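Thanks for coming. Please have a look at the model on the screen, and then I'll walk you through it.

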Amino acid sequence: MTTGQEWLVDASGCAPERLKDAPALAALFEALVVALDLKVVGQPQWHVFPEPGGITGLALLAESHLAIHTFPEHGFAALNVYCCRTRACPDFAALAARYLGATSCRVRELSRGVEA
């Protein structure tokens, strides 16, 4: 029984200043919410780490969650999207390039559930 799908996105070659910019990351979240027709529950939470650290963001969704962890010192962002219903895979590479300045993007898609 499948209970959802999850995308693990590794964005590399990102612009370090974007990885420290909460409004830029919020814009990425909004683009994903629209692209996947998601319903955010409450307000996304953002934790900004002291230099040289990045940001951790989390949005609770009616469908599950959306999270990001950024590492500006490495030009890297780890994005996680879990949905309890099947959806078409968005163009994560284009979104990461647009919002993070990423030059490469690795996407792994997992089926979740009992014996998924």
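Which residues line the largest cavity? They are Val 9, Leu 28, Leu 79, Phe 92, Leu 95, Ala 96 and Leu 100.

Some ground rules. This is a predicted model, where local features need pLDDT of at least 70 and side-chain atom pairs count only at pLDDT 80 or more, while totals for chains, interfaces and linings use all residues. Residues are numbered from 1 along each chain as its sequence is written, and side-chain values use heavy atoms, without hydrogens or water.

Back to the cavity. On a 1 Å grid over the protein atoms alone, a cavity is a set of points where a 1.4 Å probe fits but cannot get out, and lining residues have an atom within 4 Å of a point. Points join across faces, edges and corners, and volume is the space filled by probe spheres set on them. The count is one cavity of 30 Å³ or more. The largest cavity holds about 50 Å³. Its lining has seven nonpolar residues, no polar and no charged. Nonpolar here covers Ala, Val, Leu, Ile, Met, Phe, Trp, Tyr, Cys and Pro; charged covers Asp, Glu, Lys and Arg; the others, Gly among them, are polar. Helix 2, residues 92-100, gives the most to that lining, with four residues.

Now the fold. The chain has two helices and six strands, in the order β-α-β-β-β-β-α-β from the N terminus. These are DSSP runs: helices are H or I, at least four residues, and strands are E, at least two.

Next, the core. A nonpolar core joins buried Ala, Val, Leu, Ile, Met, Phe, Trp, Tyr and Cys residues through side-chain atoms within 4.5 Å. Buried means under 20% relative accessible area, with a 1.4 Å probe and protein chains only. The largest core has 28 residues, and Leu 32, Leu 66, Leu 79, Val 81 and Leu 100 have the most contacts inside it. Helix 1 gives the most to this core, with seven residues. Across the chain, 40% of the 116 residues count as buried.

Last, Val 33, in helix 1. Is Val 33 buried or exposed? Val 33 counts as buried, because its relative accessibility is 11%. Leaving out residues up to four places away in sequence, Val 33 touches Leu 38, Val 40 and Leu 66. Contact means heavy atoms within 4.5 Å.

How values were computed
On a 1 Å grid over the protein atoms alone, a cavity is a set of points where a 1.4 Å probe fits but cannot get out, and a pocket is an open set with protein on both sides within 12 Å along at least five of seven lines; lining residues have an atom within 4 Å of a point. Buried means under 20% relative accessible area, exposed over 50%, partly exposed in between (1.4 Å probe, protein chains only).
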